[in-house]
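Here is a friendly briefing to read alongside the model. Have the viewer open, and let's begin.

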Amino acid sequence: MSQTPSSEFVRATAVERQGDHTFTAELDAGWKVGGAVNGGYLLGVAGRALRDLNPSTPDPLVISTFYLGPSTEGPVDISTRTLREGRSTASYGIELSQNGAPTISAMATMGNLGALPDDVATTATPPQLPPPDECISVAEASDDFHKAAPIIDCFDMRLDPATAGFAVGKPSGRGLLQGWIRLIDGADPDPLSLLTFLDSFPPVMFDLDRFNWAPTMELTAHVRALPAPGWISARISTRNIAGGMFEEDCDLWDSTGRLVAQSRQLARQPRG
């Protein structure tokens with residue numbers, strides 16, 4: 001199923017233009033986690049505004065985002081500034097604010113992924129996963145988990161049993177999560193939903209026996225290619241915890257086995 005204007009993700013990330021460089025949006029409470037609107041969802045909203053700003057560069061190639069404070073459901077103001085507009089790419093600054101206070105500030109370079117060369121040279125390999133039907137659906141989580149993270153109801157998310165031991169009190173300690181993801185209404189992935197997928201899985205710290213939400217300080221996302229229809233597979237990992245912070249790396253692969261998006265974020269270490 002391809003994305004259409006009636007897609008839940010398209011509706012939830014819709015923006016309304018107010019001026020040459022300004023937009024507004026209505027953040028949806030269904031995309032919250034730990035009491036705040038999810039950072040990946042905010043990237044989708046920001047990407048939607050930048051796509052509307054310049055339709056000739058519809059796709060995020062790279063976006064680096066600083067999270068300055070929690071966002072909540074309700075109105076949000078979006079301001080943009082043009083840094084450079086070239087023949088094939090354009091770079092912008094973008095800021096989301098609520099009640100007069102900025103909540104995220106980002107820089108992004110936009111382009112047209114469909115116009116890029118098809119050549120691929122990589123040593124990266126997709127995660128080795130059981131089929132989705134043999135993985136653990138996050139929909140089976142407890143009622144308390146659903147209340148704390150209603151965003152999980154926006155996805156069909158399946159976790160690799162080999163990395164989901166935390167769900168039964170047996171985290172592996174490797175700092176690794178793997179699984180499958182797609183939008184709950186079956187809409188096919190696109191570059192903007194990839195931005196959201198990059199920050200939608202449970203925190204990788206769950207696999208290190210630290211069960212709390214980990215607020216993101218900064219996240220840099222690279223979108224590498226237009227995703228093919230179907231499931232997206234994901235590998236999320238961390239290697240270093242220091243100074244009360246940790247990095248989380250995420251790679252996304254489409255149904256053809258092509259790497260389509262990558263991210264690294266720095267987040268505060270959850271307590272407990």
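**N38 and its surroundings**

Beyond its neighbours within four places in sequence, N38 is in contact (heavy atoms within 4.5 Å) with W31, K32, V33, I151, D199 and S200. This is a predicted model, where local features need pLDDT of at least 70, side-chain atom pairs count only at pLDDT 80 or more, and totals for chains, interfaces and linings use all residues. Residues are numbered from 1 along each chain as its sequence is written, and side-chain values use heavy atoms, with hydrogens and water left out.

**The N38 cap**

- N38 sits in the loop between β4 (36-37) and α2; helices (H or I, at least four residues) and strands (E, at least two) are DSSP runs, numbered from the N terminus.
- With a relative accessible area of 6%, N38 is buried (under 20%; exposed is over 50% and partly exposed in between, with a 1.4 Å probe and protein chains only).
- N38 caps the N-terminal end of α2, with a side-chain oxygen 2.8 Å from the backbone nitrogen of G40.
- The N38 side chain also reaches the backbone nitrogen of Y41, at 2.9 Å.

**Helix α2**

- Helix α2 covers residues 39-53, 15 residues in total, and reaches 21 Å from first C-alpha to last, close to the 21 Å expected (1.5 Å times one less than its number of residues).
- Of the 15 residues in α2, 14 are buried.

**N99**

- N99 lies in the loop between β7 (90-98) and β8 (101-111).
- Phi of N99 is near 55°, a positive value in a residue other than glycine.
- Most residues other than glycine have a negative phi.
- N99 counts as exposed because its relative accessibility is 83%.

Methods:
A polar contact is a pair of N or O atoms within 3.5 Å; within protein, one must be able to donate a hydrogen and the other to accept it, and residues adjacent in sequence count only if both atoms are side-chain atoms.
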